Amino acid sequence: MKLIKFLFIGIGFGIILVKAEIVSWYRIIEMFRFESFHMYGVIGLAVVLGVIALQIIKRKNLKDYEGNPIVIEPKPKQYTRNLIGGIIFGLGWALIGACPGPLFVLAGFGYVSILIVIVAAVLGAFLKGILVK
Amino acid sequence: MEVLFSFWPWYVAGPVIALIMVFLILYGKRFGVSSNLETACSMLGAGKISDYFKTDWKSQKWNLVFILGALLGGFISRQFLMTNETSHISVETSAWLTNLGFKNAGGMFLPEEIFAMDSLSNPKVLFVLSIGGFLVGFGTRYAGGCTSGHAISGLSNLQLPSLVAVIGFFIGGLVMAHFLFPLIFPL
């Protein structure tokens with residue numbers, strides 16, 4: 001099964017989000033109120049190490065596991081969408097205290113109400129596709 | 001063994017998350033959770049309503065498997081990796097939330113005022129859950145990514161659109177956390 005490795009990476013992702021309290025509603029509101037370093041530390045360090053890792057991948061011309069060159073597509077330059085969409089997401093992130101990753105982890109953790117949030121999020125993505133493509 | 005049952009600090013979580021992004025890249029994929037919301041629409045037949053969703057969602061199956069794994073990770077943590085640990089959110093945040101009517105400010109992991117099953121009979125709670133989810137789904141897809149796709153992957157790849165999106169995340173989050181919360185809560 002080629003997909004099984006993604007299941008295991010996902011399990012690791014879920015566990016780290018719980019163990020570092022990234023799934024905590026309180027940690028997110030605390031971040032937006034600038035009252036703790038925790039979330040800034042998590043995201044900041046991930047980005048710093050991510051920049052270093054991607055530079056190594058690019059400069060050494062590393063190949064992926066199938067032997068294909070690794071070319072990371074640039075993000076489309078849609079600054080208005082990035083900003084407006086970002087603001088809309090930010091409002092929801094602070095209110096619900098979870099971004100998309102944690103939503104699924106919290107569902108697995110046993111919070112049934114989160115399913116309402118997930119369904120609403122899929123509907124939001126659906127309406128975005130209908131209204132603005 | 002004790003470490004398995006306690007909370008982990010930011011300097012453990014940051015490297016692990018970077019590692020997850022790198023693993024996915026080395027497997028020829030890209031770290032981004034919110035695209036699953038669109039994949040779910042395509043999978044559920046949204047292509048019949050809009051061509052936008054007429055995509056080959058099967059090529060994204062790996063990402064659905066990834067979030068299924070994340071869900072399992074949540075389950076495993078709850079079943080096997082929890083003891084009576086306590087979360088240490090800041091006293092300022094905790095006091096501010098108590099003022100807004102949150103009884104157990106700083107508990108694990110979600111406030112019962114919004115997420116407990118018996119709060120669902122309150123229509124305002126249902127509204128908060130639905131509108132919050134809607135904003136997350138609509139906003140991430142309009143912005144072209146969420147925390148994983150823009151804040152982690154995009155910034156790691158020095159992408160200006162991702163920086164703009166992350167600035168947006170914070171504008172929205174700050175407005176909610178500083179101005180709108182006192183208008184919304186207590187529910």
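The conversation below takes up the interface, the core and some local features of this predicted model.

Q: How many residues of chain B are in contact with chain A?
A: On the chain B side there are 130 residues, and they contact 107 residues of chain A.

Q: What is the area that the two chains bury between them?
A: It is about 10300 Å², and 79% of that lies on carbon and sulfur atoms.

Q: How many residue pairs are in polar contact between the chains?
A: The count is 29 residue pairs, with both residues at pLDDT 80 or more. By class, the side of chain B that touches chain A comprises 86 nonpolar, 36 polar and eight charged residues.

Q: And how many salt bridges cross the interface?
A: Two are found between chain B and chain A. A salt bridge links A:Lys128 to B:Glu38, with the closest N and O atoms 3.9 Å apart. As for the elements involved, helix 9 (residues 160-184) of chain B gives the most to the side that touches chain A, with 19 residues.

Q: Where does B:Glu38 sit, then: which residues of helix 3 of chain B are buried?
A: B:Glu38 is itself among the buried residues of that helix, along with B:Asn36, B:Leu37, B:Thr39, B:Ala40, B:Cys41 and B:Ser42. Seven of the nine residues of helix 3 (residues 35-43) are buried, so the helix is largely enclosed by the rest of the structure.

Q: What covers those buried residues?
A: The cover includes helix 5 (100-109) and helix 6 (114-132) of chain A, together with helix 4 (61-80) and helix 7 (123-143) of chain B. Just after helix 3 of chain B comes B:Gly45, with a positive phi of about 95°.

Q: Moving to the largest nonpolar core, which residues touch the most other members?
A: Of its 104 residues, these are A:Trp25, A:Ile114, B:Phe109 and B:Phe181. Helix 1 (residues 4-19) of chain A gives the most to this core, namely nine residues.

Q: What does B:Phe181 touch?
A: Leaving out residues up to four places away in sequence, B:Phe181 touches A:Trp25, A:Ile29, A:Ala94 and A:Leu95 from chain A, as well as B:Trp96, B:Leu97, B:Leu100 and B:Met176 from chain B.

Q: What about A:Glu21: buried or exposed?
A: A:Glu21 counts as buried because its relative accessibility is 4%, under the 20% limit. Its phi is near 60°, a positive value in a residue other than glycine, and it is placed in the loop between helix 1 and helix 2 (25-32) of chain A.

Q: And B:Leu158: buried or exposed?
A: B:Leu158 is exposed, with a relative accessible area of 58%. It has a positive phi of about 55° although it is not a glycine, and it lies in the loop between helix 8 and helix 9 of chain B.

Key:
Residues numbered from 1 in each chain as written. Chains lettered and ligands numbered in written order. Predicted model: local features only at pLDDT ≥ 70, side-chain atom pairs only at ≥ 80, totals over all residues. Heavy atoms only, no water. Core = buried A, V, L, I, M, F, W, Y, C linked by side-chain atoms within 4.5 Å. Buried < 20%, exposed > 50% of the residue type's maximum accessible area, 1.4 Å probe, protein only. Helix = DSSP H or I, 4+ residues; strand = E, 2+ residues; numbered from the N terminus. Contact = heavy atoms within 4.5 Å. Buried area = accessible area lost by both parts, 1.4 Å probe. Salt bridge = Lys/Arg side-chain N within 4 Å of Asp/Glu carboxyl O. Polar contact = N/O pair within 3.5 Å; in protein donor to acceptor, adjacent residues only side chain to side chain. Nonpolar A, V, L, I, M, F, W, Y, C, P; charged D, E, K, R; others polar.
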